[in-house]
Amino acid sequence: TDDNNTATATATKQPSPYTTQHYTPPALPNTTTMWGFMGSHRGAAPLPQKFEEQYHCYSAAYADKSQLEQGDKILLPPSAFDILARLQVDYPMLFQLQSGDKGTLTHCGVLEFTAEEGSCVIPFWMMQNLLIEEGAVLTVTNVSLPKANFVKFQAQHVDFLEISNPRAVLEHALRNFSCITKGDVICVPYNSKNYHFEIKEVRPQDAACIIETDCNVDFDA
């Protein structure tokens with residue numbers, strides 16, 4: 001009997017497999033100590049104030065991206081998107097392209113972030129405006145531009161004015177453009193030919209955005 005009582009007492013001391021066990025979660029790390037307040041930890045990289053990077057420039061044909069020739073959009077590398085995503089930039093994204101060597105500049109939009117790191121791909125007609133060659137270094141800066149309300153073009157080919165409804169053809173081609181800059185000569189493909197137009201005047205300032213804007217278009221004879 002004593003042995004039976006001992007066995008019974010031992011059995012009653014064993015915890016039931018269905019007894020709820022108390023779980024004590026591990027202590028969380030002190031995030032203030034690790035990261036600092038509002039990201040001010042000494043080891044954290046400072047956030048950029050604006051996007052301004054230098055890239056080696058290549059033409060659309062050189063990079064086998066001939067479709068870029070029908071507008072003003074360029075290709076930037078994936079790292080450019082990483083920087084821009086951390087900034088409060090206006091949409092659509094617009095950029096100033098500047099050649100320090102030639103003292104020239106223009107403006108453009110971006111189509112994709114698929115260029116090779118350290119390089120950008122732009123239309124060849126844009127390279128001609130900038131007076132640069134393959135591999136030249138460009139400074140690319142994110143900018144905000146006002147909406148255009150008036151643009152005056154001058155056709156560089158008289159035969160363009162002889163086609164039916166040249167204004168409609170030009171306005172249709174401009175749908176592939178993000179912005180325009182006074183003094184630039186843009187390329188408009190039509191009927192297997194490339195027509196060029198000099199931008200003689202832009203309002204309200206010399207560079208402006210033409211996306212989703214009511215813009216008057218005029219021709220200078």
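**Ground rules**

I number residues from 1 along each chain as its sequence is written. Since I am working with a predicted model, local features need pLDDT of at least 70 and side-chain atom pairs count only at pLDDT 80 or more, while totals for chains, interfaces and linings use all residues; side-chain values use heavy atoms, with hydrogens and water left out.

**Entry 1: overview**

I looked up the secondary structure and found 5 helices and 12 strands in the protein. Helices (H or I, at least four residues) and strands (E, at least two) are DSSP runs, numbered from the N terminus. Of the 221 residues, 37% are buried. Buried stands for under 20% relative accessible area, exposed for over 50%, and partly exposed for the range in between (1.4 Å probe, protein chains only). I then checked contacts, meaning heavy atoms within 4.5 Å. Among contacts with a separation of 6 or more, 78% are between residues 24 or more positions apart.

**Entry 2: a sheet of 4 strands**

I followed an open sheet of 4 strands, ordered E9-E10-E7-E12, with mixed pairing. Two strands pair if DSSP finds at least two bridges between them. Strand E9 (185-190) and strand E12 (216-219) are the edges, and each has a single partner strand, so one side of each has no neighbour in the sheet. On average, neighbouring strands here are turned by 35 degrees against each other, direction ignored.

I went through the pairings in order. E9 and E10 run antiparallel and are joined by 6 bridges; Pro189 stands opposite Asn194 in E10. E7 and E10 also pair in the antiparallel sense, over 6 bridges, and Ala155 stands opposite Phe197 in E10. E7 and E12 run parallel, with 4 bridges between them, and Phe150 stands opposite Asn216 in E12.

Helix H5 lies across E7, E9, E10 and E12, and runs at about 130 degrees to E12. For such angles, axes are lines fitted to C-alpha atoms, for helices over the stretch in contact, and values run from 0 to 180 degrees between N-to-C directions.

**Entry 3: aromatic rings**

I looked for ring pairs next. Rings of Phe, Tyr and Trp (its six-membered ring) pair if their centres lie within 6.5 Å; planes under 30 degrees apart are stacked, over 60 edge-to-face, and the rest tilted. The count is 7 aromatic pairs.

Trp125 and Phe177 have ring centres 5.8 Å apart and planes at 40 degrees, so I noted the pair as tilted. Trp125 is in helix H4 (residues 124-130) and Phe177 in the loop between helix H5 (166-173) and strand E8 (179-181), so this pair ties together parts 52 residues apart in sequence. Both Trp125 and Phe177 are buried.

Phe153 and Phe197 make an edge-to-face pair, with 6.4 Å centre to centre and 80 degrees between the planes. Phe153 belongs to strand E7 (residues 150-155) and Phe197 to strand E10 (residues 193-203), so the pair links parts 44 residues apart in sequence. Phe153 and Phe197 are buried as well. Phe153, Phe160, Tyr195 and Phe197 form one aromatic cluster.

I also found the charged end of Arg203 over the ring of Phe150, 4.2 Å from its centre. The rule is that NZ of Lys or CZ of Arg is within 6 Å of the ring centre and within 35 degrees of the ring normal.

**Entry 4: nonpolar cores**

A nonpolar core is a set of buried Ala, Val, Leu, Ile, Met, Phe, Trp, Tyr and Cys residues joined through side-chain atoms within 4.5 Å. The largest has 48 residues, and Leu76 and Ile122 have the most contacts inside it. A second, separate core of 6 residues includes Leu94, Val143, Leu145 and Cys209.

**Entry 5: two single residues**

I found Ser178 in the loop between H5 and E8. Its relative accessibility is 3%, so Ser178 counts as buried. Leaving out residues up to four places away in sequence, Ser178 touches Asp72, Lys73, Leu94, Gly109, Cys209, Ile210 and Ile211.

Val185 is in strand E9 and is partly exposed, with a relative accessible area of 23%.
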